[in-house]
Amino acid sequence: MAKAKRINLALQGGGAHGAYTWGVLEAILACEELEIAAMSGTSAGALNGAAVKCGLSRGSRTLASEALAKVWEQVGAITDEAFAPWLNMISPQAVSFALETSLPFAMGDAVSRMVSPYASGPFYRNPLAPIVRDFEYDHICCDAGPDFYICATNVRSGKIRIFTGDEITPQSIMASACLPTMFRAIEIDDPVTGETEAYWDGGYTGNPALFPLFGPDLPRDILIVNINPLYREEVPTSARSIQNRINEISFNTSLLRELRAIEFVQRLLHKGALQDNAMKDMLIHMIADDDLMQQLSVATKLIATPQILHQLREAGRASAEAFLSEHFDKIGEDSTVDLRAMFE
């Protein structure tokens, strides 16, 4: 049997849309010819990555898939295949429209823009707390299995902070997924400064962060699981569609900035302007389903519904299987994303 190809995974955040990444990861875990060397995740990507790390650190792809299913069942997914035909009956666009135009969502959206999460006083609860408390951190923080990084945004400095190893705790995972209009900032001690720092969602500074995956002992290939559409044909005109596109652009900015830097280094290396060992020539791949994501909205990111979670999972699995069927031979050899064309 040929030795498995090693690859790094970069897992974007996007609320409930992270169920798409769940499906992608299931397909990757099912591919014995592919080994996950390292993962960088933000927000929902951090949750997905923690579940995978927990299983793979024990040497089991099955346990990793089971941990993923457990996370998303807690979010609201139905994993019993007997319900699949019913869950596919309603189109994602119809569910998204129903949620967006519902009175409860409109009221909740208005309140979140006018009322601070700190206004709830002693009644405040972070809904992610029960989910992240269930993780087995001995397996997430250990050296076995793939390297694992998550990021959050320092509220005071606006800088990215990467958490890895023993720094990964329930607090750091909640920090990576902390939308400031919905959740109170997560406070974590900084071992460098000795100060207690407040953190918001990592998507503002790294969605996901790619630079932790540049290590010399890691493979050149980075597979990005993208759940925020990079491009939309139609210019948004309604208030909600404008807000949705602003959200997508802001959460893609850090990723595009890192990809542009990689493309710049690639040009220098290929022109011979840099010595061969001066910088790493990274190979970039991407799995995405922009057609599906463009049917969804901020509402489906914030409100987890069984239909959408099921459809996202199925779409992620199909996308990953198609990628592996078409591009597996290029892993370790060539990029499947044309970065030069992307930035021309």
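## Helices α2 and α3

In α2, the residues Asn-48, Ala-51, Val-52, Gly-55 and Leu-56 meet Arg-61, Leu-63, Ala-64, Ala-67, Leu-68, Val-71 and Trp-72 of α3. Sorted by class, this contact comprises nine nonpolar, two polar and one charged residues. The model is predicted.

Helix α2 spans residues 44–56 and helix α3 spans residues 61–75. The two pack at an angle of about 150°, and their axes are 7 Å apart. The crossing in which α2 passes α3 is right-handed.

Strand β1 covers residues 5–11, and five of its seven residues are buried, so the strand is largely enclosed by the rest of the structure.

Strand β1 pairs with strand β2, residues 34–41, through seven bridges, and the two run parallel. Within this pairing, Ala-10 has Ser-40 of β2 as its bridge partner. Strand β1 is also joined to strand β7, residues 221–225, by four bridges, again in parallel. Here the bridge partner of Leu-9 is Leu-223 in β7.

## The β-α-β unit

Helix α1, residues 19–30, forms a β-α-β unit together with β1 and β2. The unit is right-handed. Its two strands are the parallel pair joined by seven bridges.

## Ser-43

Ser-43 sits in the loop that lies between β2 and α2. Its relative accessibility is 8%, and because buried means under 20%, Ser-43 counts as buried.

Which residues does Ser-43 contact, leaving aside its neighbours within four places in sequence? They are Gly-13, Ser-176, Ala-177 and Asp-201.

## Ile-262

Ile-262 belongs to helix α10, which spans residues 239–271. With a relative accessible area of 6%, Ile-262 is buried, since the cut-off for that class is under 20%.

When neighbours within four places in sequence are left aside, Ile-262 is in contact with Leu-210, Phe-214, Met-282, Ile-284 and Leu-339. How far apart in space are Ile-262 and Leu-283, C-alpha to C-alpha? The distance is 9.1 Å, while in sequence Ile-262 and Leu-283 are 21 residues apart.

How values were computed
Residues numbered from 1 in each chain as written. Predicted model: local features only at pLDDT ≥ 70, side-chain atom pairs only at ≥ 80, totals over all residues. Heavy atoms only, no water. Buried < 20%, exposed > 50% of the residue type's maximum accessible area, 1.4 Å probe, protein only. Pairing = 2+ DSSP bridges. Right-handed = clockwise from strand over helix to strand, strands pointing away. Axes fitted to C-alpha atoms, helices over the stretch in contact; angles between N-to-C directions. Left-handed = near helix turned anticlockwise from the far one by under 90°. Contact = heavy atoms within 4.5 Å. Nonpolar A, V, L, I, M, F, W, Y, C, P; charged D, E, K, R; others polar.
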